[in-house]
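Student: I would like to learn how to read the helices and contacts of a model such as this one. Could we go through it together?

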Amino acid sequence: MLLLGPPLAFLLVVFVVPLARVVWGSVFAPDFTLAFYERMWRTPVYGRVFWITFKISVLTTGFAALLGYPAAYFLATVTPRTRQLLLLCVIVPFFLSVLVRNYVWIVLLQRTGLVNRLLSDWGLIRTPLDLMYNELGVLIAMVNMLLPYMIFPVLSALLAIPPELRQASASLGAPPARTFWRVTLPLSMPGVAAGGLLVFIVSLGFFITPALLGGPKQMMVSNLIEFSVRQVLNWPFAFALANTLLIGTLLLYAIYIRALEGRMPRTAGLP
Amino acid sequence: MRRRLARSLPRAALAVAGGSVLAFMVVPVLTVIPMSFSSSMTFELIPTVPGLTQYRRFFASPDWMQALGRSVQVAVGAMLVATVLGTLAALGLRRLATRSRRLLEAALIAPRIVPSVVFAVAAYYVFAAAGLVGTVAGLVLAHSVLAFPFVVVFVGSALHGLDPALEEASLSLGAGPVTTFARVTFPQIRLAVFGSALFAFNVSFDEVVVTLFISGVRAKTLPVKVWDAIFYEITPILPAISTVIIVASVAVLTPLLLVRRNTS
């Protein structure tokens, strides 16, 4: 306990106490009230923000699974040496500044950006496409940034499948496609579930991407919190929003921990 | 022949699909590098006359240099605090029974799970009351919280691979706990400790959401100035600054990747 004392005291003062202040401030202003939560649920504008947050997170999770699974499967089939090398494509961007990566998407996706420039040079489009300040831009950037959270759990699930199972399936006469659908895919589903839950949890709290690549219609809960604090200075309302997001995230994290207890390495969402 | 084609076709398709996704992850961020060598005062995708104009503007600007210096200062502070506290926590966790260890470990990782904006609002409110908004000390404290879980995980996994018999032998031969740590335990986890220190530096150096709230107008870091510039700056200096940030991260983290490769 002597060793744990200083870190726990530090987290208590700098992390737990401020968060507790948020929870407290959302219901005591200064007398007990649920008015801020009521306002949050009763006002359609705010309901929409929660709905958009949910929708964007679900879509991001779905696309991350659709793109991440083939990538992980490919990584599982190459030799360990090649895999180490190719994994750099997943690890290195993950370590780079989130702000820079969002900025790059602005440069690429804006109306005069690289993507529109290339498409019109190739004669595929006449007028520039609207690739950002909308849901599309937010999704492209979010999927791009969250793919590692999907690829790593799926890859470790795939690598954990004993090759004998596939050989047995093949020697019993199943063509490769059937072996994939009946053996490999079901056995890798825990990895997809773990990755999906992780992507969804992280998506819920996204702030930078909707702020930079979304339009007014893509305001997510985090952006509404920032707006309430920095633009309109409505602290108790921001506290109520923050507390709702906090509880939702922690509940999902608890599910993640419980459901995957002992089955997945605990790495703080790190490769 | 046809059989072989039928078998290699799915493999090729898989390689193309998987390879495209990997390219999607790494190529976009790299496009900023050629853009940064633009000499023009207006934005161009592929520089007509390559040059270092934008880099000169960046390094000659006292404003930007002040932000860069502050970022480094904060990152070094956060690195020291997070590494010391995270290593202590990882060492302490090892002594606990499996069940309580797992619970406490999940709690210690919480700063990574709590959405940035939630912590940002909380820290902003409490730090404002304590006079810490707009100070380097406030930024060091907040960034340490965010970098701390990584240290716990990295050092924890290094400790997991240790043979406790070595420490027991040292203790039973009369070395005190401090000597045992310095002479037996630490040499074995040194790489993980230094690696997580570098990682902690990088977490702080790149942090933007919490910093946006608590840096005020007086203590803007490089990412916060970049954030402002994305909305207000029209000259193409940002690709150059982005490249500097990318190069800094790669320089800091390359040793970490090399260690990781040697150990895995």
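**Reading the helices and their contacts**

Tutor: From the N terminus on, the elements of chain A run α-α-α-α-α-α-α-α-α-α-α-α, where helices (H or I, at least four residues) and strands (E, at least two) are DSSP runs numbered from the N terminus. This is a predicted model, in which local features need pLDDT of at least 70 and side-chain atom pairs count only at pLDDT 80 or more, while totals for chains, interfaces and linings use all residues. Residues are numbered from 1 along each chain as its sequence is written, and chains are lettered from A and ligands numbered from 1 in the order in which they are written.

Student: How many helices and strands are there in chain A?

Tutor: Chain A has twelve helices and zero strands, and its C-alpha trace spans about 70 × 65 × 35 Å along the principal axes.

Student: At what angle do the axes of helix α11 and helix α12 of chain A cross?

Tutor: Two packed helices are described by the angle between their axes and the distance between the axes. Here the axes of α11 (residues 221-231) and α12 (residues 235-259) of chain A come within 8 Å and cross at roughly 160 degrees, the axes being lines fitted to C-alpha atoms over the stretch in contact, with angles from 0 to 180 degrees between N-to-C directions. α11(A) and α12(A) are therefore roughly antiparallel, a term for angles over 145 degrees.

Student: Which residues of α11(A) meet α12(A)?

Tutor: On the α11(A) side they are V221(A), L224(A), I225(A), S228(A) and V229(A), and their partners in α12(A) include W235(A), F237(A) and L241(A); two residues are in contact if their C-beta atoms, placed from the backbone, lie within 7 Å. The residues of this contact divide into ten nonpolar, one polar and no charged, where Ala, Val, Leu, Ile, Met, Phe, Trp, Tyr, Cys and Pro count as nonpolar, Asp, Glu, Lys and Arg as charged, and the others, Gly among them, as polar.

Student: How many residues of chain B are in contact with chain A?

Tutor: There are 61 residues of chain B in contact with 68 residues of chain A. Helix α1 (residues 2-30) of chain B gives the most to the chain B side, with 13 residues, and that side divides into 48 nonpolar, nine polar and four charged residues.

Student: What does V121(B) touch?

Tutor: Not counting residues up to four places away in sequence, V121(B) touches V22(A), I225(A), V229(A), A238(A), A242(A) and F213(B).

Note on methods. Parallel < 35°, antiparallel > 145°, perpendicular 65-115°, else oblique.
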